[in-house]
Amino acid sequence: MTAAPTALLDRVLGARLPGPPDGLRRGPFRSGTFTSPLHSERRAARTGALLGIAFAVCFLTGLISHAIQHPAGWFVWPASPSWLYRVTQGTHVATGLASIPLLLVKLWTVYPKLFEWPPAGSPSRAISRLSILVLVAAGTMQLVTGLINIAEWYPWGFFFTTTHYWTGWIAIGAVAVHVGAKAPEIRRGLARRGSAGAVAGLAPEQAAEVRAVDDAAEGNPVPRRAFVAAAGLGVAAVTLTTVGQTLSPLAPVSVLSPRVPGVGRQGVPVRQTAKKAGTTDVGADYRLVVEGPNRLELSLADLRAFPQRTERLPITCVEGWSATATWTGVRLGDLLEAAGLPRDTQVTVESLQTGGLYRVSTVAAPHARSPRTLLATGLDGSVLDPDHGYPLRLIAPNRPGVMQTKWVTRVAPGGRGIGS
Ligand SMILES: Nc1nc2c(c(=O)[nH]1)N[C@H]1C(S)=C(S)[C@@H](COP(=O)(O)O)O[C@H]1N2
Ligand SMILES: [Mo]
């Protein structure tokens, strides 16, 4: 990086734009309308850093979830450890929810600036403000669509996941532009570590001076501490009241989530009932078809003749809840081998369900070959409840709930991603 282009960029970005007429300075646009000492650079930068971390972690864990469900050729998601997706998806939902109070706090620390006059001033300010507008809109969209999903309300079908995915990219792009445009303020704000700590990179007497300036700007430390405590409480409350949907000790306080471990048919939450899926009439003519060089057509009695395996595995819904149960059934690999296929054949698993978004799923090679991947007929020692997929369901380690297909009737080589 040389000085000349930087200087040129600074000159262009720092150029003054003509201001609008004074007659428009009304309401919140009047000068000196907002005067809280807590609207400081330090407060804004620190809240922003936390929000930035929450957004980044949420974005990355979201990408992982998306990649598992819509795998590109190069993407391989392992079958073990069996709890990994539980952690990444739990983190996705938790960081997404934590950013609601953080975003509100962040907006509060900077809101006088949102009404700054003139609206643009310079090109860099115009870019920065535009990035905030995009960020707030995209962030709100993500939270609303995410919460609608957690509430298990799918008014728009596939529209939801597609929108949630692409808006994620818009939001993270806006964060990048915003951080770029605000780099000097962020650096200054973060260098000031608060009156108790040191001030990064400064000699003690200079540090004391900076702290004095900060304290004067933010007023006395008591309201500042109260502010930090209130913001922290907001984040903690939102997080604690939702992670209970996957951490059972916190289940009693999990008031924000519709699903709780241990509550539901056979002690496991139900995502889609057999009645809604139209899969309640399973008769003696039920067959599992496994396509292959040696095509199989198996009745439930035939399935019982295969070696029976038992695995303790979680169901982890993309909505954030998860529940562990003990599943009994036949190894997928055993069935593939009996059908004349290699154990690591990628297969598509199909449900008796005739419609719906999740009637088929693809089992990629790592999961097909995993000895823990079952076509289960039993749950916690009893026959599967219709709502959990009677007569047969897929249950595999480290896999999103949407891909744990219920009411399975056909397994065939090929396929990619859910819904394919
Ligand atoms: N055929 C079919 N299988 C399905 C679904 C579905 O709608 N149809 N829902 C999936 C989703 S989103 C989840 S989280 C799990 C939940 O399994 P459970 O209802 O037994 O807890 O089932 C999956 N299997
Ligand atoms: Mo799910």
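A residue is called buried here when its relative accessible area is under 20%, exposed when it is over 50%, and partly exposed in between, with a 1.4 Å probe and protein chains only.

First, the conventions. Residues are numbered from 1 along each chain as its sequence is written, and chains are lettered from A and ligands numbered from 1 in the order in which they are written. In this predicted model, local features need pLDDT of at least 70 and side-chain atom pairs pLDDT 80 or more, while totals for chains, interfaces and linings use all residues; side-chain values use heavy atoms, without hydrogens and water.

Strands are DSSP runs of E with at least two residues, helices runs of H or I with at least four, both numbered from the N terminus. Strand 7 covers residues 374-379, and five of its six residues are buried, so this strand is largely enclosed by the rest of the structure.

What does strand 7 pair with? Two strands pair if DSSP finds at least two bridges between them. Strand 4 (residues 322-331) runs antiparallel to strand 7 and is joined to it by five bridges, with W327 opposite L379. Strand 9 (residues 393-395) is also antiparallel to strand 7, through three bridges; there R393 is the bridge partner of A376. In the hairpin of strands 7 and 8, two residues lie between the strands, and D380 takes a positive phi near 50°.

I turn to the open sheet of five strands, with order 2-1-10-5-6 and mixed pairing. Strand 2 (296-298) and strand 6 (360-363) are its edges; each has a single partner strand, so one side of each lacks a neighbour in the sheet. Strand 6 pairs antiparallel with strand 5 (residues 347-351) over four bridges, and V347 stands opposite V363. In a regular strand, side chains alternate between the two faces of the sheet. In strand 6, V360 and T362 point one way, S361 and V363 the other, and all are buried.

Finally, the cavities. A cavity is a set of points on a 1 Å grid over the protein atoms alone where a 1.4 Å probe fits but cannot get out; lining residues have an atom within 4 Å of a point. Volume is the space filled by probe spheres set on the points, which are joined across faces, edges and corners. The whole structure holds three cavities of 30 Å³ or more. The largest cavity has about 710 Å³ of space, and of its 35 lining residues C58, G62, H92, Q142 and H164 are closest to the centre.

Note on methods
1 Å grid on protein atoms, 1.4 Å probe; cavity = no way out; pocket = protein on both sides within 12 Å on 5 of 7 lines; lining within 4 Å.
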